[in-house]
2 protein chains.
Amino acid sequence: MPQGQPEAVPEDGLTTRERRNRPLVIVHTGLMKGKSTAAFGMALRGWNQGWSIAVFQFVKSARWKVGEEAALSALGRLHNETGEGGPVEWHKMGSGWSWSRKEGTETDHAADALEGWREIQRRLAEARHGLYVLDEFTYPMKWGWVDVDEVVTTLRERPGHQHVVITGRDADPRLIDEADLVTEMTKIKHPMDAGQKGQRGIEW
Amino acid sequence: MPQGQPEAVPEDGLTTRERRNRPLVIVHTGLMKGKSTAAFGMALRGWNQGWSIAVFQFVKSARWKVGEEAALSALGRLHNETGEGGPVEWHKMGSGWSWSRKEGTETDHAADALEGWREIQRRLAEARHGLYVLDEFTYPMKWGWVDVDEVVTTLRERPGHQHVVITGRDADPRLIDEADLVTEMTKIKHPMDAGQKGQRGIEW
């Protein structure tokens, strides 16, 4: 953790205190796993600050994040029962979303993804949460289901003090331009290269 | 998440099931933050599997990980009270360690680091935990306080089913050779470049 003097003081008219409290857009991208994992690790810190945490998983299958969902949901329940930490909501895109679950209808992933983004826009406008984890949200943007320029504008104009973390490969350059912090997870070595299979507790 | 066939099937005489359950040595290295955060995110998955989780923080200051410590410790208490998930231990190197806190003595970081490693060796020999997070453990190795070859040998010969995650910059090549999975966190963009100060809930 680099401490002390930043490399440059920006001419943004803000005080250090204001800059310290600026809400951030954070992108975790790159080919390697760890993008989502690090985002959920950040949610631990936010929870401890008492922030309202909301996770939106833009994936078809809910299998791979069950461990994080169970643990963060347990922290959310702990908050509800004891007041410790902050509340946690975990929404995933399956056949629609938890707030509008469709029964027995054909799944339209593009429409579902856009519906998820519309809900996030509403919540951002209301300053509903302290930390949003938009997990694998780069893909709906890449596939043209959600308009990148609209995402950038919504993020730029969001009110209040809302941090947003977006994960996924192939983050659009416009999103990277808008982001305050971008980390790329790079593969040096992965057990699957040597024939290792994914395993419980490590991969999900 | 790459699914399906691995790129190569190793000639290690193991069945797929055995390979799926192989305990892993994982290294998170690189210049960017996210190394520890992703390790603590992995601890969420391990907790949900009911594994015994043990974190050893090899840093002088305890300030920067308070959020993760509070949240994971809360999950550990939840386990103790309800049986949900697994137990969590969090040890940090300050003036000595929690199991041997020295009062009013001068701090010898090299000796403290070695003492921490000796304790980890004992626990590995007893197969005490399911997941060890050795946070910023690359530094005592880099500084010669802990012998890298001894670490590699201990990891290679550890019994049972114990996953070990080691974080920190400048991981030694011998450690990287021994590891099953190595991720490098690379900076693309960081707010400190633009004069942003570290902030509560994001940096700690």
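Modeller: A nonpolar core is a set of buried Ala, Val, Leu, Ile, Met, Phe, Trp, Tyr and Cys residues joined through C-beta atoms within 7 Å. Please keep in mind that this is a predicted model.

Biologist: How many residues does the largest nonpolar core have, and which have the most contacts inside it?

Modeller: The residues with the most contacts inside this core come from chain A and from chain B, namely Ala43(A), Leu75(A), Leu134(A), Ala43(B), Leu75(B) and Leu134(B). As for its extent, the largest nonpolar core has 88 residues.

Biologist: Which residues is Leu134(A) in contact with, leaving aside its neighbours within four places in sequence?

Modeller: Leu134(A) is one of the residues with the most contacts inside the largest core. Once neighbours within four places in sequence are left aside, its contacts are Phe56(A), Phe58(A), Ile120(A), Val164(A), Val165(A) and Ile166(A).

Biologist: How are α2(A) and α3(B) oriented to each other, parallel or perpendicular?

Modeller: The axes of helix α2 (residues 35-48) of chain A and helix α3 (residues 66-82) of chain B come within 7 Å and cross at roughly 85°. Angles of 65 to 115 degrees count as roughly perpendicular. The two helices, α2(A) and α3(B), are therefore roughly perpendicular to each other.

Biologist: How do the residues of the contact of α2(A) with α3(B) divide into nonpolar, polar and charged?

Modeller: On the side of α2(A) the contact is made by Gly41(A), Leu44(A), Arg45(A), Trp47(A) and Asn48(A), while α3(B) brings Val66(B), Gly67(B), Glu68(B), Ala70(B), Ala71(B) and Leu72(B). These residues divide into six nonpolar, three polar and two charged.

Notes: Residues numbered from 1 in each chain as written. Chains lettered and ligands numbered in written order. Predicted model: local features only at pLDDT ≥ 70, side-chain atom pairs only at ≥ 80, totals over all residues. Axes fitted to C-alpha atoms, helices over the stretch in contact; angles between N-to-C directions. Helix = DSSP H or I, 4+ residues; strand = E, 2+ residues; numbered from the N terminus. Parallel < 35°, antiparallel > 145°, perpendicular 65-115°, else oblique. Contact = placed C-beta atoms within 7 Å. Nonpolar A, V, L, I, M, F, W, Y, C, P; charged D, E, K, R; others polar. Buried ≥ 20, exposed ≤ 12 C-beta atoms within 10 Å, placed from the backbone.
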